[in-house]
Amino acid sequence: MRQHVNPLSKHFHEIESIPSLHELFENPELPLHLDIGCASGDFLFELALENTKWNYLGIEIREKLVKNAKSKLRDIGIRNLYFAFGNANNIFKNPNYKFLIDYVSSISFNFPDPWYKNKHHKRRVIQPDLISLLSNSMRKESLVFIKTDVKELFDYMDFTISNNLNFKQLQNIDLFYPESFNPKNIKTNREKYVMEKRLQIFERIYIKT
Ligand SMILES: C[S@@+](CC[C@H](N)C(=O)[O-])C[C@H]1O[C@@H](n2cnc3c(N)ncnc32)[C@H](O)[C@@H]1O
């Protein structure tokens, strides 16, 4: 079991500079998907190679993983994928990067760190102020995807997002996948592990109204 990184540590106050969409992607006009806590980026590499009509950006707080993903990206030469290092909460709160939220079509939070203890809940990536910030800037009909195998974390994330009146829960979520950032329903590494162990997965999609 790896030690979780404390996102509130001072180490993450500084943010690496993220270039403009024109510098990030070959075709900046394509719909943009953000994956928060993308770890090694395997999921995004698969998605970007499969769906060339989407741009993908992964944010990850473990610097080494981002360095490795960036080096793999240079080797393969994919131009619809980018990785940014840092605490996603700090990146989103930085006015320099508001353009990402303004433009994004969808955001996924796949199997975020659970931070079980009450006193550590503030380290969870989904926080009311983050959801409020997203709801104020995301475009109408853009989507937020959440997925976890931890029921208590799912309830917490669902409560936090549902409490924001600008997000509405989607029913029949399977209907949305074919048109989404992930039409073939590619699985993340954590999801593959959870499926192998036959654990339950809790997921939900919200639409910005
Ligand atoms: C349990 S792993 C899941 C990885 C991947 N999404 C998956 O489904 O396989 C959670 C990931 O989120 C990252 N993470 C945790 N808090 C974060 C934050 N505030 N900003 C960015 N990444 C974060 C962790 O370092 C870790 O790589």
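What covers the buried residues of α2? The cover includes β1, β2, β3 and α8 (189–196). Here a residue is buried if 20 or more other C-beta atoms, placed from the backbone, lie within 10 Å of its own, exposed if 12 or fewer, and partly exposed in between.

This is a predicted model, in which local features need pLDDT of at least 70, side-chain atom pairs count only at pLDDT 80 or more, and totals for chains, interfaces and linings use all residues. Residues are numbered from 1 along each chain as its sequence is written.

**Overall architecture**

The protein has 8 helices and 7 strands; helices (H or I, at least four residues) and strands (E, at least two) are DSSP runs, numbered from the N terminus. The radius of gyration, taken over C-alpha atoms, is 16 Å, close to the 17 Å that the globule rule (2.2 Å times the number of residues to the power 0.38) gives for 209 residues, so the protein is as compact as a globular protein of that length. Of these 209 residues, 33% count as buried.

Two strands pair if DSSP finds at least two bridges between them.

Strand β2 (residues 55–60) has 6 of its 6 residues buried, so it is largely enclosed by the rest of the structure. N55, L57 and I59 point one way from β2, whereas Y56, G58 and E60 point the other way. In a regular strand the side chains alternate between the two faces of the sheet.

| Partner of β2 | Bridges | Direction |
|---|---|---|
| β1 (residues 32–36) | 5 bridges | parallel |
| β3 (residues 81–85) | 5 bridges | parallel |

From β2 the chain crosses through helix α3 (residues 63–76) to β3, and this β-α-β crossover is right-handed, meaning that, with the strands pointing away from the viewer, the path from the first strand over the helix to the second runs clockwise. In these pairings, I59 of β2 stands opposite A84 in β3, and I36 stands opposite I59 in β2. The crossover from β1 through helix α2 (residues 42–50) to β2 is right-handed.

**Helix α2**

Within α2, the buried residues are F43, L44, F45, L47 and A48. Axes are lines fitted to C-alpha atoms, for helices over the stretch in contact (C-beta atoms, placed from the backbone, within 7 Å), and angles run from 0 to 180 degrees between N-to-C directions.

Methods: Contact = placed C-beta atoms within 7 Å.
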